[in-house]
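Have the viewer open and follow along.

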Amino acid sequence: MVEEQSSDREGLPEQLVETLADPATARSQTPYLLGVLDDGEPDHRLVAGTALCLVARSYPELREAVAERLLDRLDGDAHDEVGHALDYLATRYPETVEEAVETLEEDVGTGARERLSRSGAEGGFLRSESLAPGGRDRPVGRTQVAGEGDVDDPRQVYTADPADPDADVADHGDGEDDASEDAGGQDGDDRDADDRGRDGEDGDERDGDGGTTSGVTTVTLRAVSRRLSEVVDRSKFDELTVLTEGRRDRYGAVFRTAGRLDGEEYAVGLTVYRLPEDHESFVAGFRTTAERWQEAGSHRAVLPVYDWNVHPRPWAAVEHTGESLATRSDPPSEPLWTVIELASGVAHAHQHGLVHGAIDPGNVRYRDAVLDDSRRQPLLSSPGIATLSETGPAGSAPGDTDSADERPRPGGLDPRYAAPEHYDDSYGRIDGSTDVYGLGALLFRLCTDHHPYTGDAGTVRGKVLSEGAPEPRRVNPDLPDSLHRVVRKATATRKLKRYETVTAFERELAQAREALLAEVDDA
Amino acid sequence: MRQFTDERGGDSVAGVEFGLHLLADDPNLTFIAFVAMVLLAVIAARFGFYAARNRRATVATGDGVLWEYLLAVGIVATVYALVGVLEIVSSIRATFKQGLLLAVVLLLALAVREVYYNAALSTAAEGRTDFRGRQALELAFVGVVAVVIFGIALLGLRRELLALQGVGALVFAGYGFRFGRRQTDAAMVQGTMIDSLLRHLLPVLAFATLVPAIDLATVAGLDRIVVVHLQVVFVIMTATALMTATIKLRQNLASL
């Protein structure tokens, strides 16, 4: 990669190369870079545009001024590189660019908006994953990408919700959740394939430009849609409309989308998975996992998969869910029923040869709207995906949590719910017994309203490996014997002492619940 | 009473003749005994192999003692079976070999006890801390096995030694079943992998116990030929039970 960069820089003016190499000290180079954008060679303009973006990133106070200068150049003869640079800034710093647009004369501003949209439609820096904008799961109301889809019933489209409940506990850990990078950040052949797919879309999108409610937002959505165009093309949906910029999930980038198939609308959560270093084995494993997940999705407690593919990179379209157990403000009113339901779903997945491997509150999802909140059906999300990825609590260093409230690192299982084998290979591999542990840890949480362990990742690791199974009675002395026993057996450090099967766990928990209900009835 | 008959002469190596040696002049019994011993040798060796692999895989997690007992069960049972095969294919007479199976019974009983102590919540159960008492009992058990093996080897199949062998087997089995019963009754263990392993070991213990214990019938005056027939049947049953226990060991290994 370094060699490629060196060769690419041959023939570039020294001043440009230096600016590109160290944009953080190149504030004074801004006029020069703008000059190159006006009159330089195409390659030089491209580099100058990139350098301008980097300088704007380094100097926040310069962003609006740079945006204004770029907007000034958005006339009919503007070089494409100007649009590309502006597109980047508009996506990365939408408010700043919006302010810059507002300062323009009305007619110029309108033209700028149009140009922004056009430049966005043409691709540009947004197509370069290394410079892809930061994505936030920012619902954009009923805004629909111009020229794409024709969802004519506004009730079918999500409404903006400032307090987005979809945010996973794992999402908060990263200040710059860059979902777009996840969506497109890939190397080699995959990226080429992605680009080719987008190229095929460009002409149509340019022609279809029109009716926007917010130029900047629309540009962003266009960029996301373009990035996902190959996914959309390959999906079984007749239409798949991207509704949000996407957010970073533990496994990749998640986008809210609305799908239409055979005249029916589906609320779809589209996950584009992050590829680990060994992406070939990930892709191979994903095929098997996704097939089994699709089969296991027939169970009421397993999140259904509508569609999946490994091209241009692994993605899955699942039923959209609102909040997770990690983000629920109110604890489930029927905690035992919740865990029994989940255990039933896990057992069903095991029957299809699928081990979840990362059961924690973040992977227990709920549908958005329910009439009866007392029994919200829990849905087990992403079964088997964690075992494909190397990320996890085992790799977490002490203090690797994101803040004082001990949230887990994005991309990994919540360390507080990780089994000993997640931390140490000598405790065995990730298998069905690991899921028993995960369910036991969930049961701990729901019975006590506390996590099984507390502390940073390093502390939790030490406790999991040295203290043995967590004792729910320590937290909740009133916990009935039967539940205390089920939790202890499920979360035993050594697999030999855990429930042999999830079914055995489910059966004993169901018996305990029946006994408790009978006691309540008698009382 | 003559128990063994040379069917045909064979090559002699260091005073040992190799060739078919019928058990109790009975070709049918000899054939079935041969099959039983080969079966047990193969299955016991396999059992020991997987016990060793489990031991190696769990060396860091503290299950070592359990797997060591089971490894010893596999080794001694294999030796017992091979000695039985040698008795058929050579002039070697190892009248003490039932003492080896007595050792297997003891090892299985100790393994079951270890399973009990290994199980969650039973770690602090009474008896675990009484290390000296346990050690003395173990030494006494080992002494019984040693007396039976060396006594029969030196003095032959004397009624007293056969009685000690039979009673010893029943006592060992009772010791093991006592712990097994406690564990299978413990709610904390039911449904767990170790519970499942225990439930597979108990039949092995039962059938293995019957092989040396049935010699008590000889002491009571039953024809030894009849007893040998019964012992062969119980050896086959032991091998069969050991086979299913081996599956459990493999299953556990697969998760490690």
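In what order do the elements of chain B run from the N terminus on? They run β-β-β-β-α-α-α-α-α-α-α-α. Please keep in mind that this is a predicted model. In total, chain B has 8 helices and 4 strands. Of its 256 residues, 53% are buried. Among contacts in chain B with a separation of 6 or more, 72% are between residues 24 or more positions apart.

Two packed helices are described by the angle between their axes and the distance between the axes. Here are those values side by side.

| Helix pair | Axes come within | Crossing angle |
|---|---|---|
| α4(A), residues 42-58, and α6(A), residues 80-92 | 9 Å | roughly 20° |
| α14(A), residues 335-351, and α16(A), residues 432-448 | 10 Å | roughly 170° |

Let's take α4(A) and α6(A) to begin with. Angles under 35 degrees count as roughly parallel, and with a crossing at roughly 20°, α4(A) and α6(A) are therefore roughly parallel to each other. Their crossing is right-handed. On the α4(A) side, the contact is made by P42(A), R45(A), L46(A), G49(A), C53(A), A56(A) and R57(A), while α6(A) brings E81(A), A85(A), Y88(A), L89(A) and R92(A). By class, this contact has 7 nonpolar, 1 polar and 4 charged residues.

Among the buried ones are H44(A), V47(A), A48(A), T50(A), L52(A) and V55(A). R45(A), G49(A), C53(A) and A56(A) are buried too, and these residues also take part in the contact with α6(A). The cover over the buried residues of α4(A) includes α2 (14-21), α3 (30-39), α5 (60-72) and α6 of chain A.

In α14(A), the residues P335(A), L336(A), T338(A), V339(A), L342(A), A343(A), V346(A) and H350(A) meet G432(A), D435(A), L439(A), L442(A), L443(A), L446(A) and C447(A) of α16(A). This contact divides into 11 nonpolar, 3 polar and 1 charged residues.

Terms used. Residues are numbered from 1 along each chain as its sequence is written. Chains are lettered from A and ligands numbered from 1 in the order in which they are written. This is a predicted model: local features need pLDDT of at least 70, side-chain atom pairs count only at pLDDT 80 or more; totals for chains, interfaces and linings use all residues. Side-chain values use heavy atoms; hydrogens and water are left out. Axes are lines fitted to C-alpha atoms, for helices over the stretch in contact, and angles run from 0 to 180 degrees between N-to-C directions. Helices (H or I, at least four residues) and strands (E, at least two) are DSSP runs, numbered from the N terminus. Angles under 35 degrees count as roughly parallel, over 145 as roughly antiparallel, 65 to 115 as roughly perpendicular and the rest as oblique. A crossing is left-handed if the near helix is turned anticlockwise from the far one by less than a right angle, and right-handed if clockwise. Contact means heavy atoms within 4.5 Å. Ala, Val, Leu, Ile, Met, Phe, Trp, Tyr, Cys and Pro count as nonpolar, Asp, Glu, Lys and Arg as charged, and the others, Gly among them, as polar. Buried means under 20% relative accessible area, exposed over 50%, partly exposed in between (1.4 Å probe, protein chains only).
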